[in-house]
Amino acid sequence: MFDRIIGAPFDRSFTPGSRRCGILHAGTQGQPCEIPWIRIDGRADGRSLVVTAGVHGAEYPGIEALVRLSGTLDPTSFTGTVVLVPIANLSAFEGRSAFVTPVDGRNLNRSFPGSPDGSYTERLAHSLSEEFVSPADAYVDLHSGDLVEALHPFVSYCMTGHTDVDTMSRSLAHCFGIETIIPFASKGREGLSHVAAALGGTPSLLAEIGGQGVWREHEVAVFLAGISNVLRTTGMSDDTLPVPPPRDEYSGLDWYTSAATGLWRPQISAGEIVVKGQTIGTVSDYFGDTVKLVAADHGGMCIFVLTALSVRKDDAIAGIALP
Ligand SMILES: [Zn+2]
């Protein structure tokens, strides 16, 4: 059985072959904020890997993958420490909330590295950054399209300008096993978990598969295989299975947001190749009059698209990866 611990995983000393689970109470003013974690120590001391899911609480494949892995990862199969956080944003998971934390309406994955004196979500981000990501040698964050998003699987890492961190982040992204790889510049994306991690010196990646409020076995399997590949690439695991070869990278990502609140009707699908000038979709008002026709600024591949009919001003409506 697991020991039950209150506190942070890295407050504990290394114990070979141990599997410990605990809850960190993030400091929030009068509002309970618990972060459940599982720490598994390998056969000998070494590097540490932290994997989170549920930063967006309704993105389920990563949550299912980590809950499963917490009971099945064999401590004799690796060295060092693996910390799993299956549901980083418990209130969003329990509330089945898309994009934001119900308590304060903020997007946790725009709030890193957070603040100890900020809103609920900023405090949660701060605790995740300080107690989980900063002490780790590598960090993986698992996402999917949200409740109302269709998504083509992709991996992202952040270019910080620090060669050691960037080289490792790139290696992790390329080994993960998802073909579409999109490096993010840090500018303007500082609030994302993997960007903030890399800026803080922890090599990191973001992996995305599935969406629309469901989880499928093959998506869970891709995440579990990806974590295995990361363990090999960090040198924590010495099994001899081959790591996927390097992939071609996209050069960036055009991120489209809605200019108005109203009805959104997409005209592209996730995974579709889009040409410059092609109509991505239309936004109309509540009387059916088109108020905005959204066209592609550049050609590329659609990696996510909003599937809800309802759209609010500034909502993300589509992302197109640029060759
Ligand atoms: Zn997400």
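Two strands count as paired if DSSP finds at least two bridges between them. Helices (H or I, at least four residues) and strands (E, at least two) are themselves DSSP runs, numbered from the N terminus. The structure described here is a predicted model, in which local features need pLDDT of at least 70 and side-chain atom pairs count only at pLDDT 80 or more, while totals for chains, interfaces and linings use all residues. Residues are numbered from 1 along each chain as its sequence is written.

**An open sheet**

Strand E12 (residues 262-266) and E17 run antiparallel and are joined by two bridges. One of the residue pairs is Leu 263 with its bridge partner Ser 310 in E17. These strands belong to an open sheet of four strands with antiparallel pairing, in the order E15-E14-E12-E17. Its edges are strand E15 (290-295) and strand E17 (310-311), each of which pairs on one side only.

A residue is called buried if 20 or more other C-beta atoms lie within 10 Å of its own, exposed if 12 or fewer do, and partly exposed in between, with C-beta atoms placed from the backbone. By this rule, five of the five residues of E10 are buried. In a regular strand the side chains alternate between the two faces of the sheet. In E10, Ser 204, Leu 206 and Glu 208 point one way, whereas Leu 205 and Ala 207 point the other way.

E10 is joined to E6 by five bridges, and these two strands run parallel; Tyr 139 has Ser 204 of E10 as its bridge partner. Strand E8 (residues 154-159) is joined to E10 by three bridges and runs antiparallel to it; here Phe 154 has Glu 208 as its partner in E10.

**Helix H6 and its surroundings**

Helix H6 (residues 217-233) has 17 residues and reaches 24 Å from its first C-alpha to its last. This is close to the expected 24 Å, where the expected span is 1.5 Å times one less than the number of residues. Its buried residues include Val 220, Phe 223, Ile 227 and Leu 231. Two residues are in contact if their C-beta atoms, placed from the backbone, lie within 7 Å. The buried residues of H6 pack against several elements, among them helix H1 (60-72), helix H4 (163-175) and strand E10 (204-208). Just after H6, Gly 235 takes a positive phi of about 80°.

Ala 138 is in strand E6 and touches, among others, Leu 49, Leu 172 and Val 230.

**The nonpolar core**

A nonpolar core is a set of buried Ala, Val, Leu, Ile, Met, Phe, Trp, Tyr and Cys residues joined through C-beta atoms within 7 Å. The largest one has 94 residues, and those with the most contacts inside it are Ala 207 and Ala 318. Domain 1 (3-233) and domain 2 (252-322) both give residues to this core, so it lies between them; the domain bounds come from an automatic or database domain assignment. Ala 318 touches residues including Tyr 256, Ile 280 and Phe 304.

| Residue | C-beta neighbours inside 10 Å | Class |
|---|---|---|
| Ala 138 | 25 | buried |
| Arg 96 | 11 | exposed |
| Gln 212 | 18 | partly exposed |

Arg 96 is in the loop between H2 and H3, and its phi is near 45°, a positive value in a residue other than glycine. Gln 212 lies in the loop between E10 and H6, with a positive phi near 55°.

Methods. Lists of a residue's contacts leave out its neighbours within four places in sequence.
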